Amino acid sequence: MGLLSNSIKRDVLRPGDHIYSWKNAYLYAHHGIYFGDEKVIHFTRGSGQEIGTGTMLDRLIFSLSPSRPSDNPCPKCGDQSRLDGVISSCIDCFLSGGYLYLFEYDVSPALFIAKPRGGTCTLAKPDPPEDVLHRASFLLLNGFGGYHIFKNNCEDFAIYCKTGLLVMTSLSVGRSGQAASFLAATSAVVSSPLRFLTTSFSGLAAVGYGMYCVSRLVSDIGVRRDVAKIPVERLVSPSDSIESEAVADLAKEN
């Protein structure tokens, strides 16, 4: 692994690792938890439909997906082409022809900003592997709710398994660095009053990139104040009770 690349070889993976693979010309990354024995537990909206925009873009992405056809199922996993939610796949089906990368935890703010693409690292500290595997196994049996591109996607699932952290506010993105990066990029220049200080392209680019980096940093799960550590068993409880208990916990901390 290097500064700009989190590429990793399969033979050094450890159970509980958070892994991902870029899809469709690096348009987005699919995330999961390596369980060991060549198995990955991951959260998906359906094969090739991980972005889940609810628009015509989904059909385009699905048509470009290298997912295995249902008439030629994987000998290890069977036909998973119509499955969604939390599923277990062999690592070959998870990668679907892509390269393997390791998501980094407990990075410094400098390293976080040095990696301009979201969805590759976080300042949050990971929990021990046994806790990560317990959460992933529990959610494989009980689910992780409905898929949402900005608030509950595959990266959110993997980060929760690694940290146990949930975002408790409803008017923001979830834990996903990819979602935070997308929103930061679209609003960096438009929402910044600093754009009026320069009219040159290079000046606007510098201002925009600076705002993008700041927006990514303050949206990271490792620095946000609107998160709470929630035991995985409580995720099957009514959402109202979980939110009220988490809000009470946050109030005590503050």
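Q: Which residues does Thr163 touch, not counting residues up to four places away in sequence?
A: In this predicted model, Thr163 touches Tyr105, Ala124, Lys125, Asp127, Arg135 and Lys229. A contact requires heavy atoms within 4.5 Å. Thr163 itself is found in helix α5.

Q: Why is Thr163 called buried?
A: Buried means under 20% relative accessible area. Thr163 has a relative accessibility of 1%, and therefore it counts as buried.

Q: What makes Gly118 count as buried, and where is its place in the chain?
A: The relative accessibility of Gly118 is 3%; because the cut-off is under 20%, Gly118 counts as buried. Its place is in the loop between α3 (109-114) and α4. The C-alpha atoms of Gly118 and Asp220 are separated by 9.6 Å, although these residues are 102 residues apart along the chain.

Q: How many residues of the protein chain are there, and what percentage do buried residues make up?
A: The protein chain has 254 residues, and buried residues make up 46% of them. The chain contains eight helices and seven strands.

Q: Why is strand β1 described as largely enclosed by the rest of the structure?
A: Six of the six residues of β1 (residues 18-23) are buried, so this strand is largely enclosed. Both of its faces are covered: His18, Tyr20 and Trp22 lie on one side, Ile19, Ser21 and Lys23 on the other, and all are buried. In a regular strand the side chains alternate between the two faces of the sheet.

Q: Why is β2 also described as largely enclosed?
A: Eight of the nine residues of β2 are buried, so β2 is largely enclosed by the rest of the structure.

Q: How do you know that β1 and β2 pair, and in which sense?
A: Two strands pair if there are at least two bridges between them. β1 and β2 (residues 28-36) have six bridges and pair in the antiparallel sense. Within this pairing, Trp22 stands opposite Ala29, and Ile19 stands opposite Gly32. The two strands form a hairpin with four residues between them, and Asn24 in the turn has a positive phi of about 45°.

Q: What makes β1 and β5 count as a pair?
A: The requirement is at least two bridges, and β1 and β5 (residues 101-102) have two bridges, in the antiparallel sense. Tyr20 stands opposite Tyr101 in this pairing.

Q: How many bridges join β2 to β3, and what do these strands form?
A: Four bridges join β2 to β3, and the strands run antiparallel. Gly32 stands opposite His42 in β3. β2 and β3 form a hairpin with two residues between them, where Asp37 in the turn has a positive phi of about 55°.

Q: Which strands form the open sheet, and what makes two of them edge strands?
A: Five strands form the open sheet, in the order β4-β3-β2-β1-β5, with antiparallel pairing. β4 (85-90) and β5 are the edge strands, as each pairs on one side only. Helix α4 packs on this sheet and touches β2, β3 and β4, its direction making about 105° with that of β2. Helix α5 lies across β1, β2, β3 and β4 and runs at about 35° to β2.

Q: Which residues touch the most other members of the largest nonpolar core?
A: This core has 20 residues, of which Ile33, Val86, Leu139, Phe144, Phe157 and Cys161 touch the most other members. β3 (39-44), α4 (129-142) and α5 (154-163) each supply at least two residues of the core. The most comes from α5, with five residues. A second, separate core of twelve residues includes Ala29, Tyr105, Leu165 and Ile221. In soluble globular proteins, nonpolar side chains tend to be buried together.

Q: How confident is the predictor in the chain, and where does pLDDT stay under 50?
A: The mean pLDDT of the protein chain is 77, and 64% of its residues reach 70 or more. Values stay under 50 over residues 60-66, for which the model has 13 contacts beyond four places in sequence. They also stay under 50 over residues 182-191, for which the model has 15 such contacts.

How values were computed:
Residues numbered from 1 in each chain as written. Predicted model: local features only at pLDDT ≥ 70, side-chain atom pairs only at ≥ 80, totals over all residues. Heavy atoms only, no water. Core = buried A, V, L, I, M, F, W, Y, C linked by side-chain atoms within 4.5 Å. Buried < 20%, exposed > 50% of the residue type's maximum accessible area, 1.4 Å probe, protein only. pLDDT = per-residue confidence, 0-100. Axes fitted to C-alpha atoms, helices over the stretch in contact; angles between N-to-C directions.
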